[in-house]
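The sequence and structure are shown first.

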Amino acid sequence: MTRPAALSMRERLALENQDALRAKAKRVLPPRLVDLVKTTGIDYNLARDGIRLGHMRTRWGSRSSSGTISLNIGLVRLPDHLINYVIIHELCHIRHMNHSPAFWSEVAKYCPHYRAYRKEIKQYRP
């Protein structure tokens, strides 16, 4: 990342914090995605479909119509069960590219407490 030469101390610390968060996300999130693919049996191939790690201001994750799963690097600050919920949520969009009752039924198969987790995750900001 190219950075301007004259940054305030606060700006430098914020960038360093984001760099550390991104590095941790690269170590933690792809293996967690692979583990949950195995656990759920949902057809997702990391090499074929891809994963994008970024800092999204309003979302914890998303899935594109081309198959890429995007995960917010801020997920690594959350408890493990919420990280799993977000990843399962995005994996279920492979079978249902909407939030229909069928989609939520699919989420419930792999994350029975998803309703509580949906409420809990609102305590955090992406």
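Predicted model: local features only at pLDDT ≥ 70, side-chain atom pairs only at ≥ 80, totals over all residues.

R32 itself is placed in helix α1, residues 9–40. Its relative accessibility is 18%, so R32 counts as buried, the cut-off being under 20%.

Helix α3 covers residues 80–92. The helix has 13 residues and reaches 18 Å from its first C-alpha to its last, close to the 18 Å expected at 1.5 Å a residue. Ten of the 13 residues of α3 are buried, so the helix is largely enclosed by the rest of the structure. The buried residues are L82, I83, Y85, V86, I87, I88, H89, E90, L91 and C92.

Two packed helices are described by the angle between their axes and the distance between the axes.

| Helix pair | Partner residues | Angle between axes | Distance between axes |
|---|---|---|---|
| α3 and α5 | 114–121 | roughly 110 degrees | within 10 Å |
| α3 and α4 | 101–110 | about 135 degrees | 9 Å |

Angles of 65 to 115 degrees count as roughly perpendicular, and α3 and α5 are therefore roughly perpendicular to each other. On the α3 side, this contact is made by H81, L82, Y85 and V86, and on the α5 side by Y114, Y117, R118, E120 and I121. By class, the contact of α3 with α5 has six nonpolar, one polar and two charged residues.

α3 and α4 are, by their angle, therefore oblique to each other. The crossing of α3 with α4 is right-handed. Here α3 contributes Y85, I88, H89 and C92 to the contact, while α4 contributes F103, W104, E106, V107 and Y110. The residues of this contact divide into seven nonpolar, one polar and one charged.

I69 is in strand β3, residues 69–72. Leaving aside neighbours within four places in sequence, I69 is in contact with L33, Y44, G50, I51, R52, S62, R63, E90 and L91. Among them, E90 and L91 are buried residues of α3. With a relative accessible area of 1%, I69 is buried as well. I69 and P126 are 57 residues apart in sequence, and their C-alpha atoms are 16 Å apart in space.

Definitions and conventions. Residues numbered from 1 in each chain as written. Heavy atoms only, no water. Helix = DSSP H or I, 4+ residues; strand = E, 2+ residues; numbered from the N terminus. Expected span 1.5 Å × (residues − 1). Buried < 20%, exposed > 50% of the residue type's maximum accessible area, 1.4 Å probe, protein only. Axes fitted to C-alpha atoms, helices over the stretch in contact; angles between N-to-C directions. Parallel < 35°, antiparallel > 145°, perpendicular 65-115°, else oblique. Contact = heavy atoms within 4.5 Å. Nonpolar A, V, L, I, M, F, W, Y, C, P; charged D, E, K, R; others polar. Left-handed = near helix turned anticlockwise from the far one by under 90°.
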